[in-house]
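Please keep the sequence and the model at hand while reading.

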Amino acid sequence: MTLALAAKEVAAKLETKFPGSIAESNNNDIVVKSQSLFGLASFLKTAPGLEFNYLAAITAVDYYNYFELVYQLTSLKHNHSLVLKTRCYDRENAVVPSLVKLWRGADYQEREIYDLLGISFTGHPNLKRIFLWSGFEGHPLRKDYL
Amino acid sequence: MALKTEPFVLNIGPVHPSTHGVFRMRATLDGEVIVDLEPVFGYLHRGIEKLAEERTYTGVIPLTDRLDYLASMSNNLAYVLTVEKLAGIAVPERAQYLRVIIAELQRIAGHLIAVGAFLNDCGAFFTPFLYMFREREKIVDLFEMVSGQRLLYNYMRIGGLSQDIPEEFLPALDKFVQQMPGFIDEYDRFFAQNEILLARAKGVGILPQEMAINISASGPVLRASGVNWDIRKADPYSLYDRFDFDIPTGTASDCYDRYRVRIAEMRQSLRIIRQAMEQLPSGPVKSDVPRLLRPQVGEAYAHIEAPKGDLGFYLVSDNSIAPYRCHVRAPSLINLTALREMIIGWKIQDAIIIFGSIDITMGEVDR
Amino acid sequence: MTMTNLDLNNLGNLQKGLPPDWPGGFWWHLLVFTIIIIAFVMIMVLSFVWIERRGMARLQLRLGPNRTGPFGLLQPVADAVKVLLKEDIVPAEGDKIVHWLAPVVAFAPVLLIFAVVPFQNGGLLADLNVGVLYVVAISSISTLGIFMAGWGSSNKYSLLAAMRVIAAVVSYEIPVVLAVAGVVLIAGSLSLNDIVIAQNIPFILLQPLGFLLLFIGGCAEINRSPFDLMEADSELVAGFHTEYSGMKFALFYLTEYAEAVAMSAIIATLFLGGWKGPLLPPWLWLLIKIVAVFLTMVWTRTTLPRVRIDQLMALAWKFLLPLALINLLITAIQVLAWPDALPAVIIVVNFTIMAVLVLLWSRFSKLGWGRITAE
């Protein structure tokens, strides 16, 4: 059974290594600040005992005040999982670091989030619209579209 | 004196007798060899995730049918599992066993199409495709018995199934389970050692294990690359931990191994169905769930092993009758991440085969 | 010695194939046989279309056409009528003359092949004493038509397919010619009629390897599966005839089946004994043999997947060509050293040699590169 790691403990461990990067944590997920996302994620990928080498899914949700990105991480070796979140408070210019260099599986998913929600990812090699054509105006999945 | 050549760009698709759905690949060719490839998606984008925010939780179930329209039952199952996790609903045992039987039947049907279409791309001119459709017809007949539909079933409900199985289902299923191993042997006899198929598919389109994990591949693509990861064993849902089955893996990570993994998975599915039929209890098939379900505020992510791979749903609820956000983790889209690496260096004919061996459905890729 | 048997001063030879009281002379002979050949080819092509569709369908567990006429016999007629009524679309940017001429150049030579196929003893349009050479030469002209089609449609797909065709046909000419040369050595003559007369035992028994080579090479030459990547409809839409519609497309379709008829006729004449056989009239025997060869072609088409272009070339140059050379060598040795050997002995020897060669060679040169196993 894939063990969903107690996020509070992982958060405590991360806080010691990267002080000031955790925004909040509860038993289900860890919310990190978007500037330190990449550093934290690469630590989670390579740290012994954690070794999250499989990025199962990236989702983005539009809560009217902020965008929230949810990363479902899994470790194939230890068979445990973790939910990592980050928030982005700027609606006009939503920017989040891209995790493509760590997990290439993020490639198309981040393009989809850019296409449908308008969140840009810095460091993405090919950030273009993926489902809609390049001249499309607006980002359909946002709550204020239609 | 070297011959002056110049690469030219060829558009494979979107309307093409071979690509499985509307999918376009912009290939740059140098003679016959592909030197660059850019996949273009979006021809079947219908905005299912946005539509889901306007419908009740039960009303999203027919939308999920249309994701991977060749394996609708699995899509339904993934979605209702997520809603049940979100709202904390328990499912009666009979419903869970029936869900397992139906999901495994769907897996066999999905793999039959995948293998048939793959062999069709190899050029065997529909003969294996039609042979496999003969078996798929039997499965579709079984599904018609339970749900009244042949393609988009809309059968699962939050808290169980929409209706119980009719009387003639179990005898027909028994007959199918007894005949099917013979047919799978027949396919092995025809195609597994075919010289031309071996020459076309062995060593072609290799996806190394490290890359497969890095691109979050799942399903037969991941297992053919040698990774022993199956959600049914790693993170069991719906009573899969009560059944005894193996996970076939491949060693060479090429198209041939993906084909072999799918054939072997069909045999394992039959094993699971036999065990589930023996253990099937009686009882209700749906727990009592209000018509307009209003889950608590929160979120949930649940995933299953669909025929194409790891299909997951992420639902956010704000205590209203419609989901606040419904996101689909589409295995077909993510499996395509390495398409460029797998195809570069091969010829157009190989590109078609490699693409066919990944086994995607555009409904799921584009949503 | 005259170059052909066409000695205008002595037309007695030519009238061998006609009924004894035929009123006309040479020109009537020509006219009658031309009409017979055209009618024969047309009817055979229509029948082959029907045989292929029903045969393939039965092998694929389905019925095939069964609505148009009894047993779907009028299906080819329906196809022809449909195709005739379609609009003729010409690509705006292609070379128009080349595009227009291509179907003609592809189809006409196929009709010419039948001039030397004997329907009974002496029953052929022109008993050329270089019949085999004529057949090989004429059948290559069709390829030119196919390339013109690929070039004249301004379409990258068609061009690619046309180039593949050229590569394949040129590669497979050599094993085909060498296989036929083996037959010629045994029969002692290039004239098709004499070859049939010399077959007291069908040459398929005396030259099994030659038959195999001609069958495989022949399938490749006429772009049939498993070598049909020229019109691989799951890969390049329709290959060189993507941009054709209407009557021109019909001509390409006809060409494909007419080539199949021609190749079956050649194989039947050279290896199966042509018009020889007891009881039934000779032309009926030829028909039966042609249909039998074609049914085998339909069978291989339905069963086998398609090879890739480089595997196709590898098969021709690394597998068929050495075997063809060895076959020719052994045949020559047999003809020279043991001209009076018992046929039974030769048959056994040849079959053994074929089995040994094919098995040995297939261990050393696979379709792809190196040895492939499916463990």
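In chain C, residues 24 or more positions apart account for 77% of the contacts with a separation of 6 or more; two residues are in contact if their C-beta atoms, placed from the backbone, lie within 7 Å. The model is predicted: local features need pLDDT of at least 70, side-chain atom pairs count only at pLDDT 80 or more, and totals for chains, interfaces and linings use all residues. Residues are numbered from 1 along each chain as its sequence is written, while chains are lettered from A and ligands numbered from 1 in the order in which they are written.

**Chain C**

- Chain C holds 13 helices and 0 strands, where helices (H or I, at least four residues) and strands (E, at least two) are DSSP runs numbered from the N terminus.
- Read from the N terminus, the elements of chain C follow the order α-α-α-α-α-α-α-α-α-α-α-α-α.
- Of the 375 residues in chain C, 44% are buried; a residue is buried if 20 or more other C-beta atoms lie within 10 Å of its own, exposed if 12 or fewer, and partly exposed in between, with C-beta atoms placed from the backbone.
- Helix α9 (residues 208–221) of chain C packs with helix α10 (residues 246–271) of chain C at an angle of about 175°, and their axes are 11 Å apart. Axes are lines fitted to C-alpha atoms, for helices over the stretch in contact, and angles run from 0 to 180 degrees between N-to-C directions.
- The angle therefore makes α9(C) roughly antiparallel to α10(C), given that angles under 35 degrees count as roughly parallel, over 145 as roughly antiparallel, 65 to 115 as roughly perpendicular and the rest as oblique.
- From α9(C), the residues C:F211, C:L214, C:F215 and C:G218 make the contact with C:M263, C:I267 and C:F271 of α10(C).
- The contact of α9(C) with α10(C) comprises 6 nonpolar, 1 polar and no charged residues. Ala, Val, Leu, Ile, Met, Phe, Trp, Tyr, Cys and Pro count as nonpolar, Asp, Glu, Lys and Arg as charged, and the others, Gly among them, as polar.

**Chain A**

- Chain A contains 3 helices and 8 strands, arranged from the N terminus as β-α-β-β-α-β-β-β-β-α-β.
- The radius of gyration of chain A is 15 Å, which agrees with the value near 15 Å for a compact globule of 146 residues. This radius is taken over C-alpha atoms, and the globule rule is 2.2 Å times the number of residues to the power 0.38.
- Along the principal axes, the C-alpha atoms of chain A fill a box of roughly 45 × 30 × 25 Å.
- Buried residues amount to 44% of the 146 residues of chain A.
- In chain A, 43% of the contacts with a separation of 6 or more are between residues 24 or more positions apart.

**Contacts between chains**

- Among the 2 pairs of chains that touch, chains B and C have the most contacts.
- Chains A and C are joined by no contact, and their closest C-alpha atoms lie 25 Å apart.
- Chain B gives 27 residues and chain A gives 23 residues to the contact of these two chains.
- On the side of chain B that touches chain A, at least two residues each come from α1 (48–52), α8 (209–214), β7 (309–317), β8 (325–329) and α12 (331–335). The largest share of that side, 4 residues, is from β7(B).
- That side of chain B divides by class into 12 nonpolar, 8 polar and 7 charged residues.

**A helix pair in chain B**

- Helix α11 (residues 255–279) and helix α14 (residues 348–358) of chain B have axes that come within 9 Å and cross at roughly 30°. The crossing angle makes α11(B) roughly parallel to α14(B).
- In this pair, B:C255, B:R258 and B:Y259 of α11(B) meet B:I353, B:I354 and B:S357 of α14(B). The residues of this contact are 4 nonpolar, 1 polar and 1 charged.

- B:Q209 belongs to helix α8 of chain B and counts as partly exposed, with 15 C-beta neighbours inside 10 Å.
- The C-alpha atoms of B:Q209 and B:S225 are separated by 5.1 Å, although these residues are 16 residues apart along the chain.
- B:S216 is in the loop between α8 and α9 (220–224) of chain B, and has a positive phi of about 60° although it is not a glycine. B:S216 is buried, with 29 other C-beta atoms within 10 Å.
- B:S238, in the loop between α10 (231–234) and α11 of chain B, is not a glycine but has a positive phi of about 55°. B:S238 counts as partly exposed, with 19 C-beta neighbours inside 10 Å.
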